[in-house]
Amino acid sequence: MSVNHQVVLVVLTLLCILSFILYRTAFFVRYCLSLFLSQVVHKVGLCIALWDIQQIEDAYIFPGDGSHHSVVHFRYVVFRPFMDEILTGKIKGCSKEGVHG
């Protein structure tokens with residue numbers, strides 16, 4: 001194999017690895033958003049937005065299970081008011097779904 005073919009193989013391998021990493025990160029971003037966005041988590045608060053993904057650990061495949069399992073470390077922007085805190089604002093509208101500010 002010539003040097004040019006080796007360079008092409010190395011570049012293609014790096015592109016495959018990079019696309020897998022980007023795909024995996026994008027998957028976890030979508031999953032975290034669907035799981036926590038606009039949800040009230042007990043003893044945490046109302047999840048507003050995904051701040052960042054700090055680390056995605058190695059994936060494990062358990063016997064008898066075809067999916068991979070990874071530990072993901074991420075940070076969320078959370079609204080958590082203090083006890084007896086009074087919030088002020090203006091109400092723009094009200095419907096069956098709730099109050100809109």
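What follows is a short tour, from the whole chain down to a few side chains.

First, some ground rules: this is a predicted model, where local features need pLDDT of at least 70, side-chain atom pairs count only at pLDDT 80 or more, and totals for chains, interfaces and linings use all residues. Residues are numbered from 1 along each chain as its sequence is written, and side-chain values use heavy atoms, with hydrogens and water left out.

Start with the cartoon view. The protein chain has 1 helix and 5 strands, in the order α-β-β-β-β-β from the N terminus. These are DSSP runs, with helices being H or I of at least four residues and strands E of at least two.

Of the 101 residues, 9% count as buried (under 20% relative accessible area; exposed is over 50%, partly exposed in between, with a 1.4 Å probe and protein chains only).

Next, select Leu37, in the loop between α1 (3–36) and β1 (40–41). Leu37 is partly exposed because its relative accessibility is 35%. Show its contacts (heavy atoms within 4.5 Å): beyond four places in sequence, Leu37 touches Cys32, Cys47, Ile48, Ala49 and Tyr76.

Last stop: which residue forms a salt bridge with Asp52? Select Arg75; its closest N–O distance to Asp52 is 2.9 Å. Arg75 sits in strand β3 (residues 72–79) and Asp52 in strand β2 (residues 45–56), so the pair ties together parts 23 residues apart in sequence. The search of the whole structure finds 1 salt bridge (a side-chain nitrogen of Lys or Arg within 4 Å of a carboxyl oxygen of Asp or Glu).
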